[in-house]
Amino acid sequence: MKSIKVIVIGFILAIALVAWPVEYTRNITAGTGFLLGGVLAAWLGIRRRKGARKEYEDDVRRYTGTTMMKVVWIEESVVERWEHQENGSDRLRRETYYLPTYEYTVNGTTYRYSSRQSLSGKRDLGRQVVGYYDPAKPECITENRPRKPVLGGAYCFLWAAFLLFFGIMTFTGQVSFS
């Protein structure tokens, strides 16, 4: 909770320095605001990256068991939405999703798992896929093997680079705010 307060106060200060710079030190205060924002964004990126790595390690430790899951039911869901066309007209677009319910057995007990990952169609009824479950809680299962986080926090690092660039450009006087 303390780190959230630091982040919020830091970003408010950074915005204030950029938006309302002191008259005679306009480039210095605005540049300081951008640099402060860049440092905070980088800090958020590092925290997000560490969090994503920790989630991955927890998932790898948790989902160690494997079993075959069989599709026993497929729920058909139709989503309608309006799309704007290039000629100015609107067109109703319908998308159909097929959400499967799997059945699997662990240690003689049969479980059911309703997935949110769409299948290609009704013909997948009876299809078998590998499920990864927690041996301590066999009802906790997933269709996907845990994957390493490649881009965890990347958006924060991009913001940090953007803000640091503008901070340096403002300090050098190549960008000014009036």
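Residues are numbered from 1 along each chain as its sequence is written, and side-chain values use heavy atoms, with hydrogens and water left out. Because the model is predicted, local features need pLDDT of at least 70 and side-chain atom pairs count only at pLDDT 80 or more, while totals for chains, interfaces and linings use all residues.

**The sheet**

Helices (H or I, at least four residues) and strands (E, at least two) are DSSP runs, numbered from the N terminus. Two strands pair if DSSP finds at least two bridges between them. Strands of a sheet pair through backbone hydrogen bonds, either parallel or antiparallel.

Here, 5 strands form an open sheet in the order S3-S2-S1-S4-S5, and the pairing is antiparallel. Strand S3 (109-114) and strand S5 (137-142) are the edges; each has a single partner strand, so one side of each has no neighbour in the sheet. From one strand to the next, the twist averages 40 degrees.

| Strand pair | Bridges | A bridge partner pair |
|---|---|---|
| S1 (residues 65-84) and S2 (residues 90-106) | 14 bridges | Glu-76 with Tyr-98 |
| S2 and S3 | 6 bridges | Thr-101 with Ser-114 |
| S4 (residues 128-134) and S5 | 3 bridges | Asp-134 with Lys-137 |

S4 is joined to S5 by a hairpin through 2 residues.

**The helices**

Axes are lines fitted to C-alpha atoms, for helices over the stretch in contact, and angles run from 0 to 180 degrees between N-to-C directions. Angles under 35 degrees count as roughly parallel, over 145 as roughly antiparallel, 65 to 115 as roughly perpendicular and the rest as oblique. A crossing is left-handed if the near helix is turned anticlockwise from the far one by less than a right angle, and right-handed if clockwise.

Helix H1 (residues 2-19) meets H2 with axes that come within 7 Å and cross at roughly 155 degrees. H1 and H2 are therefore roughly antiparallel. Their crossing is left-handed.

H2 also packs on helix H3 (residues 154-171), at an angle of about 165 degrees and with the axes 7 Å apart. That makes H2 and H3 roughly antiparallel. The crossing of H2 and H3 is left-handed. The residues of this contact divide into 19 nonpolar, 8 polar and 1 charged. By class, Ala, Val, Leu, Ile, Met, Phe, Trp, Tyr, Cys and Pro count as nonpolar, Asp, Glu, Lys and Arg as charged, and the others, Gly among them, as polar.

**The largest pocket**

A pocket is an open set of points on a 1 Å grid over the protein atoms alone, with protein on both sides within 12 Å along at least five of seven lines; lining residues have an atom within 4 Å of a point. The largest pocket has a volume of about 170 Å³, that is, the space filled by probe spheres (1.4 Å) set on the points.

Its lining consists of Glu-55, Tyr-56, Asp-59, Tyr-63, Thr-142, Asn-144, Pro-146 and Arg-147. Helix H2 (residues 26-62) gives the most to this lining, with 3 residues. By class, the lining has 3 nonpolar, 2 polar and 3 charged residues.
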